Amino acid sequence: EVMPGHVRILADQALGQDTLDAAQVKQDLQTLEQQLAEVDPFSEEADALRAQERYLQAQSEITT
């Protein structure tokens, strides 16, 4: 929710920066990239993998 003076984020769960492992996030991204290379780029599986990739990239930015 965007309101004057602040933003409220509604989420089912959240991770703190201190719970993220930069090396693990990097490894997960590499694994995901390999999986993406092996699937039909127009499939639902590829869509799901790309969503995971965006999530992991966000985690990566937080850990650096």
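Which residues make up the largest nonpolar core?

## The core

The answer is a set of 8 residues: Val-25, Leu-29, Leu-32, Leu-36, Val-39, Ala-46, Leu-49 and Leu-56. A nonpolar core here is a set of buried Ala, Val, Leu, Ile, Met, Phe, Trp, Tyr and Cys residues joined through side-chain atoms within 4.5 Å. Buried means under 20% relative accessible area, exposed over 50%, and partly exposed in between (1.4 Å probe, protein chains only). Helix 1 (22-37) and helix 2 each supply at least two residues of this core, and helix 1 gives the most, with 4. Helices are DSSP runs of H or I, at least four residues, numbered from the N terminus.

## About the model

This is a predicted model, in which local features need pLDDT of at least 70, side-chain atom pairs count only at pLDDT 80 or more, and totals for chains, interfaces and linings use all residues. Residues are numbered from 1 along each chain as its sequence is written, and side-chain values use heavy atoms, leaving out hydrogens and water.

Let's look at helix 1. Its buried residues are Val-25, Leu-29, Leu-32 and Leu-36.

Helix 2 is part of what covers the buried residues of helix 1. Leaving aside neighbours within four places in sequence, Leu-32 is in contact (heavy atoms within 4.5 Å) with Leu-49, Gln-52, Glu-53 and Leu-56.
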